[in-house]
Amino acid sequence: MKQIFLLLALAGTLAAAQTSTTPTNPTAAKPATTTAKPASTAKSATAAKPASATGTVHRAGAATAIKLPPGVPPVKGLIKPASFVLRYQDFQLGTGAVAEPLKQYKVKYTGWLAADGKKFDSSDDHPNKEPIQFPQGRGRVIPGWDQGFEGMRIGGKRRLFIPYQLAYGAGGRPPVIPPKSDLIFDVELVDVTEMPAPATPPGRPMPPRPGTPGGAPNTTPTPPTGATSPAPAEKPATPASPAAPASPAAAPSTPPPATPPATPPPAEKPANPAQPQ
């Protein structure tokens, strides 16, 4: 009996030992799940940090950060690509007419060097804070300005991030703009009007009419088809000049008085034949 009791006690002890070890497996698996979550959280926080600090711009599928220099005030707005290298940021949307191409733009602006944030020009520094006017698309301004106003409306404000290739090029504009200077402009579209007509230089000859290449312009009006040309006006007769007074030498002379007939000579006396020689 004692042997049977000992065997039963031993079997109960082994069963209790197995029951106590079974709950430890779920407890061991839980820390693995808990430690995996901070890893994913840390990864997402690391990826989001550059975006919140500087803002990102997508170029050819890759994210690139635009970092503002100390002198340029930050503005709120999504940074978008205007072309492969030109970027812009609308921070105030306009409510007026759209900036159509090949129009006359009136613009207020402030420009900084992207390298150090130094302000190099502003319309606020002009007399009476006068905005500038330029014909869009005619090459009167840097290429970044000709391309940077697309989609704007009158009253809108935009920030342009212009690389040196669309600004003053590799040579820059010393001493104000160093070589290969990227620029940042804040622009405000004040007005959009029609392009002014080009003025004709004084004294410039008019082009010849068709049919007279290289010749003088034809100023004779062409009568309409079927109309009878008016007869040319008769040339007024030239009044006769008054006769010049006759020259005294040309005046007719007074006829000379009639010459009395000459008295015939007396007839010769015939010789007397009887008279001796």
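Accessible area here is what the Shrake-Rupley method gives with a 1.4 Å probe. By that method this predicted model exposes about 21100 Å², and carbon and sulfur atoms supply 62% of that area.

Start with the whole chain, coloured by secondary structure. The protein has three helices and nine strands, in the order α-α-β-β-β-β-β-β-β-α-β-β along the sequence. Of its 277 residues, 20% count as buried. Among contacts between residues at least 6 apart in sequence, 63% join residues at least 24 apart.

Next, select residues 104-113 and 119-122. These are strands β5 and β6, which run antiparallel and are joined by three bridges. Show T110 and find its bridge partner in β6, S122. Five residues lie between the two strands of this hairpin, and G117 takes a positive phi near 75° there.

Now move to the largest nonpolar core, which has 24 residues. Select V107, W145, F149, I162, F185, V187 and L189, the residues with the most contacts inside this core. Strands β5, β8 (157-162) and β9 (183-193) each supply at least two of the core's residues. The most come from β9, which gives five.

Which residues is F149 in contact with, leaving aside its neighbours within four places in sequence? They are A99, Y105, V107, F134, R158, V187 and L189.

Last, select V72, I79, F161 and I184. These are among the six residues of another core, which lies apart from the largest one.

Key:
Residues are numbered from 1 along each chain as its sequence is written. This is a predicted model: local features need pLDDT of at least 70, side-chain atom pairs count only at pLDDT 80 or more; totals for chains, interfaces and linings use all residues. Side-chain values use heavy atoms; hydrogens and water are left out. Two strands pair if DSSP finds at least two bridges between them. Helices (H or I, at least four residues) and strands (E, at least two) are DSSP runs, numbered from the N terminus. Buried means under 20% relative accessible area, exposed over 50%, partly exposed in between (1.4 Å probe, protein chains only). Contact means heavy atoms within 4.5 Å. A nonpolar core is a set of buried Ala, Val, Leu, Ile, Met, Phe, Trp, Tyr and Cys residues joined through side-chain atoms within 4.5 Å.
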